[in-house]
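Biologist: I have the model open beside its sequence. Could you take me through its charged pairs and its rings?

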Amino acid sequence: MHTTKLYIDGAFVAPRTGGSLEAINPATETPFARIAAGTSEDVDLAVRAARRAFDHGPWPQMPAADRAAALRRIAQGITARLSEIAAVETRDNGKPIPESEWDVGDAAFVFSYYADLAESHEADGAQSVDLGDEAFSSTVVTEPLGVVGAITPWNFPLLMAVWKVAPALAAGCTIVLKPSEFCSVSCALLAEIIDAAGLPAGVFNLVTGTGPAAGAPLADHPLVDKLAFTGSVPTGRKVMTAAAAGIRSVSLELGGKSPFIIFDDCDIEKAVEWILFGIFWNKGEVCSATSRVLVQSGLYPRLMDRLVEATEAITIGPGDAEGIKLGPLVSKQQYDKVLAAIEAGKKTNARLVTGGGRPSGLKTGYYIAPTIFADVPTDAAIWREEIFGPVVCVNPFDTEEEALKLANDSPYGLAGAVMSDDLERCERVASKLRAGIVWINCSQPTFTQVPWGGYKSSGIGRELGTSGFMGFREIKQITRYDNTRSWGWYLPS
């Protein structure tokens with residue numbers, strides 16, 4: 001059985017304690033690899049390597065074209081191993097192979113995109129600012145922020161890591177990556193690709209291990225300048241507390257309970273397609289999943305009938321099997337959590353329409369049938385709390401105002417969606433949804449070129465797009481005085 005290693009200061013090394021964790025295939029409930037289990041000692045070595053590489057190495061001062069060339073080599077390395085990485089991602093996470101291939105292809109594009117952005121940002125140069133005083137001139141420049149500690153989740157193991165690694169490297173930062181202990185193997189492959197790309201030692205470091213043993217020491221390390229975290233709200237609070245203790249920069253991409261408003265002028269087939277994609281893609285293990293669906297009353301009964309029919313036709317099974325659209329949940333822990341949420345939902349006045357347990361014929365693996373609750377009390381936990389599984393709640397509404405009130409009545413604000421043939425209404429509703437991402441006539445498409453992040457408890461800061469790059473740059477003003485003049489405040493001119 002293959003055992004991964006840590007990647008610290010340009011070398012693949014075993015953890016100082018020699019510990020390891022099992023990587024479990026959620027379709028078979030059996031281990032397929034062992035993951036190096038780093039601890040605070042390994043984290044300290046990695047952070048100090050990143051600190052040296054930033055303070056004394058060439059990477060931060062390197063011309064953007066040279067950093068971009070390295071990032072393009074990483075993109076090429078990912079593309080060359082796409083099938084291999086996708087197979088590992090499916091074995092580790094459970095998602096169907098086509099979804100894994102999509103994710104890995106996106107990861108390669110993210111590196112290419114930030115390579116281009118680094119070059120264009122440098123070409124733009126310093127920005128001059130008119131101060132309204134001829135005695136002074138001022139320019140605004142940006143510089144690499146420093147050492148980044150990145151802690152990433154298990155639902156998109158490689159892609160969510162790359163969302164942090166690529167812009168941080170493009171910006172001239174050095175980084176220590178701590179992926180989720182539930183899905184680390186693809187990030188170990190990323191370390192191999194980055195090593196082959198020839199980055200200076202210490203620029204990229206990988207420490208795998210559990211949250212308490214490796215994640216917490218990384219968040220607490222005083223030599224880290226920025227913490228970048230994607231995951232649950234409770235863990236996000238801990239990361240934010242650690243950042244606050246050192247007055248350090250932090251970005252958080254946290255949970256969601258995203259609404260999808262569907263008006264009664266919609267084509268039912270299109271509406272059902274996007275509802276399914278909005279919640280059952282990636283098994284519902286998606287922070288932005290549109291898990292609260294609001295359907296206008298005139299369409300509600302007919303749409304529900306078609307939604308149930310389409311949901312019950314979804315092919316469930318191992319992610320590496322042909323034609324599978326829904327794989328197993330990532331772990332026994334997540335499986336138990338989602339089943340507990342479903343059982344709690346059954347005890348409310350909500351109507352369980354379909355699903356609600358293990359699919360027939362699948363005795364092994366962490367499978368949950370795609371589940372629909374209808375007519376859900378809006379104070380019920382299944383309506384208000386993130387489940388992070390293939391569970392959707394559907395409620396009717398009468399007016400646009402009512403839909404918006406229900407949609408915005410949430411502690412979360414990551415995403416939202418609206419569907420209508422009336423595009424003016426779509427734009428109006430989109431402007432009133434309190435969310436960082438809004439989709440019109442679709443749900444979940446994600447593009448590297450535009451910012452990603454949420455309002456309220458869904459996080460702080462933005463990833464992707466130019467915002468994702470600038471999140472790893474410091475802003476500096478340089479103001480000059482015309483030294484041919486005398487200031488003459490204390491001393492006579």
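Predicted model: local features only at pLDDT ≥ 70, side-chain atom pairs only at ≥ 80, totals over all residues.

Biologist: With which residue does Arg-81 form a salt bridge?

Modeller: The partner is Glu-192, with the closest N and O atoms 3.0 Å apart (a salt bridge needs a side-chain nitrogen of Lys or Arg within 4 Å of a carboxyl oxygen of Asp or Glu). This pair links distant parts of the chain, 111 residues apart: Arg-81 is in the loop between α2 (64-80) and α3 (82-93), and Glu-192 is in helix α6 (185-197). Helices (H or I, at least four residues) and strands (E, at least two) are DSSP runs, numbered from the N terminus.

Biologist: And Glu-192, buried or exposed, or partly exposed?

Modeller: Glu-192 is partly exposed, at 32% relative accessibility.

Biologist: How many salt bridges does the structure hold?

Modeller: There are 23. One of them joins Lys-164 to Glu-463, with 2.7 Å between the closest N and O atoms. Lys-164 sits in helix α5 and Glu-463 in the loop between β21 (459-460) and α15 (465-470), 299 residues apart. Both ends are buried: Lys-164 has a relative accessible area of 1%, and Glu-463 one of 9%.

Biologist: What about Arg-306 and Glu-309?

Modeller: Their side chains meet in a salt bridge of 2.9 Å, N to O. Both residues lie in helix α10, three residues apart, which is about one turn of the helix. Arg-306 is partly exposed, at 25%. Elsewhere, salt bridges with shared partners join Arg-51, Asp-55 and Asp-225 into one network.

Biologist: Turning to the rings, how many aromatic pairs are there?

Modeller: The structure holds 17. Rings of Phe, Tyr and Trp (its six-membered ring) pair if their centres lie within 6.5 Å; planes under 30 degrees apart count as stacked, over 60 as edge-to-face and the rest as tilted. Trp-163 and Trp-452 have ring centres 5.6 Å apart and planes at 65°, so they are edge-to-face. Trp-163 belongs to helix α5 (157-170), while Trp-452 lies in the loop between β19 (437-440) and β20 (455-456), 289 residues apart. Both are buried.

Biologist: Why is the pair of Tyr-335 and Tyr-366 tilted?

Modeller: Their planes stand at 45°, with the centres 6.0 Å apart, so the pair is tilted. Because Tyr-335 is in helix α11 (332-346) and Tyr-366 in the loop between β14 (351-354) and β15 (371-374), the pair ties together parts 31 residues apart in sequence. Tyr-335 is buried at 9%, and Tyr-366 is buried at 8%.

Biologist: Which residues do ring pairs link into a cluster?

Modeller: They are Trp-102, Phe-156, Trp-274, Phe-277 and Trp-281.

Biologist: Over which ring does the charged end of Arg-425 sit?

Modeller: That of Phe-263, 3.9 Å from the ring centre (NZ of Lys or CZ of Arg must be within 6 Å of the centre and within 35 degrees of the ring normal). The charged end of Lys-226 sits over the ring of Phe-472, at 4.5 Å from its centre.

Note on methods: Residues numbered from 1 in each chain as written. Heavy atoms only, no water. Buried < 20%, exposed > 50% of the residue type's maximum accessible area, 1.4 Å probe, protein only.
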